[in-house]
Amino acid sequence: MRIREFQAEDLPLLKEMTAEAFDGVSIDQGIEQRFGIIHGHDWRWRKTAHLDDDVRRDVEGIFVAENDDGRKIGFISSWCDREAGIGHIPNLVVAAGCRGQGVGRQLL
């Protein structure tokens, strides 16, 4: 496994991975189940739009994990509030078949 910097062409697949990883646990999904779709967008759109925010906020804080054959198996997004001296990790996603193998730990 290797960890590399984010590239713009990663974004569509990272969004797919995010929707899969948060299916069943997303707050937005729970709200949608209770109240229906909000403003014409389902919970997947809402959750994956956060990645667009991460790219705009600090593209250099996004890292992608790949297995030995180059398949993307996870990612982390991060940013630092330098004034407050606090770091943030908005997203940490590991592909379903790769969980429990230390990928998330390596990304952290």
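If we set aside the residues within four places of it in sequence, Arg4 makes contact with Asp10, Ile62, Phe63, Val64, Glu66 and Lys72. Please bear in mind throughout that this is a predicted model. Arg4 itself belongs to strand S1, which covers residues 2-5. Is Arg4 buried or exposed? Its relative accessible area is 8%, and because the limit for a buried residue is under 20%, Arg4 counts as buried.

The protein chain contains 4 helices and 4 strands. In what order do they follow one another along the sequence? The pattern reads β-α-α-α-β-β-β-α.

Turning to overall dimensions, the C-alpha trace spans about 40 × 40 × 25 Å along its principal axes. The radius of gyration of the protein chain is 15 Å; for 108 residues a compact globule would have a value near 13 Å, so the two agree. Of those 108 residues, 33% count as buried. As for contacts between residues at least 6 apart in sequence, 51% of them join residues at least 24 apart.

The surface may be summarised briefly. The protein chain exposes about 6900 Å², and carbon and sulfur atoms supply 49% of that area. Its charged side chains comprise 14 positive and 19 negative ones, and the centres of these two sets lie 3 Å apart.

I proceed to the helices, in sequence order. Helix H1 runs over residues 11-22, and Pro12 lies within it. Pro12 is exposed, since its relative accessible area of 52% is over the 50% limit. From Pro12 to Leu51 the separation is 39 residues in sequence and 9.8 Å in space, C-alpha to C-alpha.

In helix H2 I would draw attention to Ile31. With a relative accessible area of 31%, Ile31 is partly exposed. Which residues does Ile31 touch, once those up to four places away in sequence are left out? They are Gly36 and Ile38. The C-alpha atoms of Ile31 and Val103 are separated by 30 Å, and these residues are 72 apart along the chain.

Between helix H2, residues 27-35, and helix H3, residues 43-58, there is a loop, and His39 sits in it. His39, although not a glycine, has a positive phi of about 50°. The residue is also exposed: the relative accessible area of His39 is 74%.

Helix H3 brings us to Val55. At 26% relative accessibility, Val55 is partly exposed. Apart from neighbours within four places in sequence, Val55 is in contact with Phe6, Leu11 and Ile62. Val55 and Phe75, by comparison, are 20 residues apart in sequence, with their C-alpha atoms 13 Å apart in space.

How many disulfides does the structure hold? The number is 0. Cys80 is partly exposed, with a relative accessible area of 36%, whereas Cys98 counts as buried at 8% relative accessibility.

To close, let me return to the point of departure. His39, in the loop between helices H2 and H3, is an exposed residue with a positive phi.

How values were computed. Residues numbered from 1 in each chain as written. Predicted model: local features only at pLDDT ≥ 70, side-chain atom pairs only at ≥ 80, totals over all residues. Heavy atoms only, no water. Helix = DSSP H or I, 4+ residues; strand = E, 2+ residues; numbered from the N terminus. Rg over C-alpha atoms; globule rule 2.2 N^0.38 Å. Buried < 20%, exposed > 50% of the residue type's maximum accessible area, 1.4 Å probe, protein only. Contact = heavy atoms within 4.5 Å. Areas by Shrake-Rupley, 256 points an atom, 1.4 Å probe, with all protein chains shown as cover. Lys, Arg positive; Asp, Glu negative; His and termini not counted. Charge placed at Lys NZ, Arg CZ, Asp CG, Glu CD. Disulfide = S-S within 2.5 Å.
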